[in-house]
Amino acid sequence: MMKSDLLTPDHLQRAACVYIRQSTPQQVRNNLESQRLQYGLVTYARELGFVDVRVIDDDLGTTASGVERPGFDQLVVAVGKSEVGLVLATDASRLARNGRDWEGLLDFCAVVGCLVGDRDRLYDPGAMEDRMYLGLRGAFNQFELSMFRKRSQESIEAKAQRGELFLHAPAGYDRVGRDAIEMSPDQNVRNAIRLVFDTFDAVGSLRQTWLWFHNNQVEIPVRMSGRGLIWRIPAESSITQILRNPIYAGTYAYGRKQSETTIRDGRKTVVIHKLDANPAEWKVLLHDRHDGYISWDHHERNQAVISANRTVERGAVRSGRGLLTGLLRCGHCQRRIQVRNNGKSVGYYCQGEHRAGKRCLSFSAVRVDQAVGQAVIDALQPLAMEAAMAAIETVGAANPAMLDLARSALSEARYKADRARDQFETVDPSNHNVFHNLAAKWEACLVDVSEREARLRELEAAQPVALAPEQRQTFLALGQDLGRAWGDDRATPALRKTVLRTVLVEITARIEETDVHLVLHWKGGDHTELRVPRMRNGEHRWTTDIETVTIVRQLARTLDDAGIAGLLNRLGKRTVKGNSWNKSRVASLRASNGIAVFRKGERTERGELTLNEVADRFQVSQSHVRRLIQSDRLPAHQACKGAPWIILEDDLDAPGIRAILEFKGSASSDPQQPGFEFPAC
């Protein structure tokens, strides 16, 4: 049957649709001849007599293996509306690579009387013989493509099993032939890659590593498709690819992604899952295949840190007030404990199990954070002096990897400047166009050299400096008193959390009666148990400690508010906000704790005297009375060290006490020293 024999005036009154598709973006960029052949069908349709010729090329770069294709969907809708008289494509695989789409299109064409064709001939899906041929053609097409795919995949996996499959070389490596890679010979590139790993080791977070490069405007090499290796300030994805890729640990890996095919909304959907967290699931894992920037153990430690930084796990170190965020696990239900911060107070809670409508556990962070912090200080104190000495040796020093990168960058800039100078000196000055362009190029290179020299001088100026004697003593004092360094205002919450995560694996918390029972699991495998009293109702982070309240309660029976404030200050006591005591603050503390104010004459009603009052009553020195108290001959008590001695009047009537106090002879330094009786002459 001739090409035009199937065409009728009814077909020609409708539109001819030319469907154009290529499977991948790479084919769209590179296989230009295929595009020309497909777009050439427009001319062929006009030669057949069609006036309205529509081109549907929305699916360029989209596979036909059952996934969503807006262009194909547009074609089916137009056919179903009887708007199309002919569908043209170079072959059946352009229209569909699965039986569902192919047969569905043919059914629509048969119902509305639409033809299907290519450059060779036209087919009527409504005719039995043509429909059988088109069905067989589609089946053979699917079989052929599946065989090609199977053979290709088997070849790829066989090459990967030998560790020779390299689709591209990442930044920091160069291809050697077709089956191997090696470290880039450019030292500048090597230093930049090492700087990424050094920075991650220092900050312990993917995002913080990226922010460091972004804030310091440090460029790294990035391999771009079609552009080769370029230097730029990295995107966060570039940092992630370097830190995640096992190739930088000298390891060849294949099959780090797994595809899962599902049916969604009637169409095949392919979901790609990354298997970075579990190397055991990779298809190929070959260690020591090439030189690495880090070891495999180092790579695994990095992955553990990255995984722990996820919010669903432990979470990255942040600047929040909860010191133990990400470290606590509920001892009742084994779920991770969350942090609660309402802007006024911080607490920890677990909603893993509801007990009669209540949370699994909940407690304030103030005392628990203090107890754990003190336990860590006690554990690290023996090592603190070594850390202080190391700090003295490196204070003010620049990052060694940063220095290497700056030196290699300067060397490369000088090389380019020398080449530009050689080109400038060999050109004929009379050739003005070339002469001026080379002069500008040389000048730009010299400017670059000058900038890189200034940057290197700045970094070299940050080398370790000799500390003044008083500065050195400050460092050593911090080493001897780690608690003071821990409580210093310059020690940020993020720094304290980093220290805790360095030495602790996890903390298990349980509520036992009125206490929070904590089990600290140390990195070395040891365990420490702590019991921390829970805050009672009404207590908060600004609640004065019980010891101070007890002292004030006792002193309030002997001193007024001004006297109590002076004594607390002499004892080194401070308010919960770090202020010194005064009369109004003591009065506020008494009011909040229900402590009555001292009344004049109150001690007299109770029959109590102070040491000074006893000395005045018996006209003896205060030291004489104090010696009686120290020798336990005169009963007396103090509320605390430095408080007035309180003596009961009834105790003054004890045998021998009144006689000693009323004796007006010369006082001995020791009231128990016996006297001497001299015989009469």
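Mentor: The sulfur of Cys17 has its closest cysteine sulfur in Cys114, at 7.6 Å, which is too far for a bond. A disulfide is defined here as two cysteine sulfur atoms within 2.5 Å, and the structure holds zero disulfides. Cys330 is likewise in no disulfide, its nearest cysteine sulfur being that of Cys360, 3.5 Å away. The model is predicted, so local features need a pLDDT of at least 70 and side-chain atom pairs count only at pLDDT 80 or more, while totals for chains, interfaces and linings use all residues. Residues are numbered from 1 along each chain as its sequence is written, and side-chain values use heavy atoms, with hydrogens and water left out.

Cys17 is buried, at a relative accessible area of 1%; buried means under 20%, exposed over 50% and partly exposed in between, with a 1.4 Å probe and protein chains only. Cys330 also counts as buried, because its relative accessibility is 0%.

The aromatic side chains come next. A pair of aromatic rings is described by the distance of the centres and the angle of the planes. Rings of Phe, Tyr and Trp (its six-membered ring) pair if their centres lie within 6.5 Å, and planes under 30 degrees apart are stacked, over 60 edge-to-face and the rest tilted. The structure holds 10 aromatic pairs. Helices (H or I, at least four residues) and strands (E, at least two) are DSSP runs, numbered from the N terminus. Tyr19 and Phe72 are both buried.

Tyr173 and Tyr248 form an aromatic pair that is tilted, with 5.8 Å from centre to centre and 50° between the planes. Tyr173 lies in strand 6 (residues 173-176) and Tyr248 in the loop between helix 11 (236-244) and strand 10 (252-254), so the pair ties together parts that are 75 residues apart in sequence. Tyr173 is buried, as is Tyr248. These two tyrosines also belong to a cluster, in which ring pairs link Tyr173, Phe197, Tyr248 and Tyr293.

Some rings also have a charged side chain over them. A charge sits over a ring if NZ of Lys or CZ of Arg is within 6 Å of the ring centre and within 35 degrees of the ring normal. Arg256 lies over the face of Trp282, with 5.9 Å to the ring centre.

Turning to the backbone, two glutamines have a positive phi. Gln217 has a positive phi of about 55° although it is not a glycine. Its place is the loop between helix 10 (206-215) and strand 8 (220-224). Gln619, also a residue other than glycine, has a positive phi near 55°. It is found in the loop between helix 23 (611-618) and helix 24 (622-630), and is exposed, with a relative accessible area of 63%.

Gly49 is in the loop between helix 4 (41-47) and strand 2 (53-60). With a relative accessible area of 35%, Gly49 is partly exposed.

Lys583 belongs to helix 21 and counts as exposed, at 56% relative accessibility. From Lys583 to Asp561 there are 22 residues in sequence, but 5.1 Å in space, C-alpha to C-alpha.

Ala596 occurs in the loop between helix 21 (583-593) and helix 22 (602-606). At 46% relative accessibility, Ala596 counts as partly exposed. The C-alpha atoms of Ala596 and Ala556 are separated by 7.2 Å, the residues themselves being 40 residues apart along the chain.
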